[in-house]
Amino acid sequence: MEAGGKVDAIIKTGNKAVYPIIFPSDYSGLGSINCYVYQNGEDYTLIDAGIKNEEFEQFFYRKLKEYNIEINQITRIILTHFHNDHIGVVNQIANEYPIPVYASEIAIPRLKCEDDYLQQKLSFYYELYEQYGVPEFARERMAKMENTLQNKEHVMIYPPILKLEDGQAIGGLRVMTAPGHSPDSICLFDEETGWLFAGDFLLATGMTNALIDHDESGDITNPISQYIDSIEKMKAYNVRTVFAGHKEIYENLNEVMEKSLSKIEYKLQKVVSKISEGNHTAKQLGDAIYGARFAKYFTFIISEIIGLTLLAEQRGLIVRELRGEDWCFSVTSLIDQ
């Protein structure tokens, strides 16, 4: 199989197989929303569950029919993380018959839309955007969070969710925590075949957005630092084929990991350079680096700026201090050119 070449064909090795469900979609400009049925002998695992809309649901059941898989043959559902483009048909399947659903422990309150979690999330982002001096750009996102809190029954996962732990074996797969894109992200690895079900860990084109989030205590995570750690961890495994949550199935993971690490270093250098030129706030950095795109893609860009400044601070390249009510950055040491 050529890197990035095979999109929608059954992959088989011995008594194991992968049945890709690749839904063409312009969602977030990613081209497709992917989920997979993984067969290990007579055991079938659905890994991720697409997006919640009628078009995907019809596509999903049509693909199962093409593959001659009955819904009640599926032994379990495993969710790689809590984002809504990975959980779409969970409730529909669980309504048809009882099926265990698994996710990382961190994901469970998010998937269940627990009140304490939703309130914590709301408070965290209100404070975050105030401290970084960008509340006017965040109004739309905060309104969506308020709406979720008031209407959680439309987005929550209803069946019980069983927790997965790092290193746990389940259905022929090994669970691997891989935070970065989200704090709850996991990958699933078949050590025998070298198949990695990666969720949104790394796509064929490289890193996904490292989204600012909070941990169980409500403290900010350092997503880009987590991403680096997850990539370094993955280097120890002999991965042959990556089944990603979007775009193509691919085989050149080592190359994708190195390109992603290089891109982080390039962006880090750019942020530190822009701070040295007098852009001391998150808004100034957003305008200097992204211009009009800062407002248009605010959620993603502010996450990147915060993540890169946290990484730069962690490495001793910048200092961060409150001036008035906003965080401001100053350079301590330029990255070597």
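Leaving aside neighbours within four places in sequence, Lys16 is in contact with Ile11, Tyr38, Gln39, Asn40, Asp190, Glu192, Thr193 and Trp195. The model is a predicted one. Lys16 belongs to strand β2. Its relative accessibility is 7%, so Lys16 counts as buried, the cut-off being under 20%. Within the strand pairing, Lys16 of β2 is the bridge partner of Thr13.

The strand that holds Lys16 is part of a sheet. β1 and β2 (residues 16-24) run antiparallel and are joined by three bridges. The sheet is open and has seven strands, in the order β1-β2-β3-β4-β5-β6-β7. Its pairing is mixed. At the edges stand β1 (11-13) and β7 (161-164), each of which pairs on one side only. From one strand to the next, the twist averages 25°. Helix α1 (residues 54-66) packs on this sheet. The helix touches β2, β3 (32-40), β4 (43-47) and β5 (74-78). The direction of α1 makes about 150° with that of β2.

Another open sheet has five strands. Their order is β8-β9-β10-β11-β14, and here too the pairing is mixed. The edge positions are taken by β8 (169-170) and β14 (241-244). Each of these edge strands pairs on one side only. β8 pairs with β9 (residues 173-177) in the antiparallel sense, over two bridges. In this part of the sheet, Ala169 stands opposite Arg174 of β9.

The cysteines were examined next. A disulfide is a covalent bond between the sulfur atoms of two cysteines. The structure holds zero disulfides. For Cys35, the closest cysteine sulfur is that of Cys187, at 16 Å. This distance is too far for a bond, because a disulfide requires sulfur atoms within 2.5 Å. Cys113 is likewise in no disulfide. The nearest cysteine sulfur to that of Cys113 belongs to Cys35 and is 20 Å away. Cys35 has 0% relative accessibility and therefore counts as buried. Cys113, at 5% relative accessibility, also counts as buried.

Key. Residues numbered from 1 in each chain as written. Predicted model: local features only at pLDDT ≥ 70, side-chain atom pairs only at ≥ 80, totals over all residues. Heavy atoms only, no water. Pairing = 2+ DSSP bridges. Helix = DSSP H or I, 4+ residues; strand = E, 2+ residues; numbered from the N terminus. Axes fitted to C-alpha atoms, helices over the stretch in contact; angles between N-to-C directions. Contact = heavy atoms within 4.5 Å. Buried < 20%, exposed > 50% of the residue type's maximum accessible area, 1.4 Å probe, protein only.
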